[in-house]
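Thanks for coming. I will go through one structure today, and I will keep to what can be computed from the atoms.

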Amino acid sequence: MIEASQFQRAHLDKLFLLANKIRFICKNKEGSLFLSSLLAHRNAMLYFTQPSTRTFLSFQTACHLLGMRTSEIRSSELSSEKKGESLFDSIRTFSSYVDLIVMRSPVANLSKNAAKLLDNTPRPVPIINGGSGPDEHPTQALLDVYTLQRCFELNGGLDGKTICMVGDLKRGRTIRSLALMLASFRDITIFFISPKEFGITDEFRRLLMSKENINFIESEDFVAGIKCADAIYMTRLQDEYDDLFHLGSYDTERYSLKYDDLKYVKNNAVILHPMPRRSELDVAIDSDSRAQYWRQERNGMWIRTALIATIFHLEKDILGYNS
Ligand code: NCD
């Protein structure tokens, strides 16, 4: 599972149904024991050589909910890469011991190349991209879209909605994967709000223009964007990529959602953030009913469990389970 555009609407609908069922099954001990029996004979590798809290923990918990054992590498300093082993030899080594690899790395396209490499070996174990540099973060898009669907369930669904994405859009991988996944829905409008130098890349703009279902507007006007939004997706400055893009910083204050700004936000709008947040999202907003980012991060655990279950063809067992 390498990029967001691998998912069509039908896949997403199936995955969301499965995540709902898993959420329900986990409510009692009997259900949890059933789930944890399903992959008790399988092992997963969590290769996370870039900082992570939510993605790491939610993948680890998702594996454990299904009974998988997990091993982890959280720094290339502590693996044989340090002794000069090529990353691809390391990845091939993981595939000798495990049945699934989840990878996060600062290197763009690494999981794609790792998957290609393993496809040409006798043990092509599945790879899930848990974030590949500034490139993509497809499972974040899954949890974002799942959250949007759940939030809009009683408000006409996600089709036809306006999503306002704010922040460092040039280097933020979550907005790239989310925008691509939203192309599976009908009549979505995306408002991209950022300072000009931090706007979406030319290459990404061309890609979005080739998608039929997405209308998008690029602007520096924060208030205009949040006023018309059904969902506001805040993101932070991605300054860990400064060396790569030589961009530096911007006045984050101008692109911050403050408690006072809530007066511009629709009453039934939804506020999301992939987290971690800095000052761009006022903690005072946490108690507002439109703030859905804590629910969003918990949804990551359910949707990742559903994704792993789908990779191992467990949909029928889980959907057929009666408590
Ligand atoms: C995001 C990421 O790593 O891209 N975090 C996450 O996975 N929830 C967003 C970010 O770091 O800004």
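Before the strands, one definition: two strands count as paired if DSSP finds at least two bridges between them. Also keep in mind that this is a predicted model.

With that, take strand β5, residues 162-166, and strand β6, residues 188-193. They run parallel and are joined by five bridges. Within that pair, Cys 164 stands opposite Phe 191 in β6. To get from β5 to β6 the chain goes through helix α7, and this β-α-β crossover is right-handed.

β5 has another partner, strand β8, residues 231-234; those two pair in the parallel sense over four bridges. On that side, the bridge partner of Cys 164 is Ile 232.

How many of the five residues of β5 are buried? Five of the five, so the strand is largely enclosed by the rest of the structure. In a regular strand, side chains alternate between the two faces of the sheet. Here both faces are covered: Thr 162, Cys 164 and Val 166 are buried on one side, and Ile 163 and Met 165 on the other.

Strand β1, residues 43-48, and strand β2, residues 69-73, pair over five bridges. Met 45 stands opposite Ser 71 in β2. Here the chain crosses from β1 through helix α3, residues 54-65, to β2, again as a right-handed β-α-β crossover.

In the loop between β1 and α3 we find Pro 51. Is Pro 51 buried or exposed? It counts as exposed, because its relative accessibility is 73% and the cut-off for exposed is over 50%. Pro 51 and Pro 106 are 55 residues apart in sequence, and their C-alpha atoms are 9.2 Å apart in space.

A contrasting loop residue is Glu 280, between β9 and α11. Glu 280 counts as buried, because its relative accessibility is 4% and buried means under 20%.

On to the ligand. For the polar distances, a polar side-chain atom of Arg 236 is 2.8 Å from a ligand oxygen. A side-chain N or O atom of Gln 238 is 2.9 Å from an oxygen atom of the ligand. Pro 274 uses its backbone: an N or O atom there lies 2.9 Å from a ligand nitrogen. On its own the ligand has 320 Å² of accessible area, and the protein covers 92% of that.

Last, the cysteines. A search of the whole structure finds zero disulfides. For Cys 26, the nearest cysteine sulfur is that of Cys 63, 13 Å away. Cys 26 is buried, at 18% relative accessible area. For Cys 164, the nearest cysteine sulfur is that of Cys 228, at 6.5 Å. Cys 164 is buried as well, with a relative accessible area of 0%.

That is the tour; questions are welcome.

Definitions and conventions: Residues are numbered from 1 along each chain as its sequence is written. This is a predicted model: local features need pLDDT of at least 70, side-chain atom pairs count only at pLDDT 80 or more; totals for chains, interfaces and linings use all residues. Side-chain values use heavy atoms; hydrogens and water are left out. A crossover is right-handed if, with the strands pointing away from the viewer, the path from the first strand over the helix to the second runs clockwise. A disulfide is a pair of cysteine sulfur atoms within 2.5 Å. Buried means under 20% relative accessible area, exposed over 50%, partly exposed in between (1.4 Å probe, protein chains only). A polar contact is a pair of N or O atoms within 3.5 Å; within protein, one must be able to donate a hydrogen and the other to accept it, and residues adjacent in sequence count only if both atoms are side-chain atoms. Accessible areas come from the Shrake-Rupley method with a 1.4 Å probe; for residues, only the protein chains shown count as cover.
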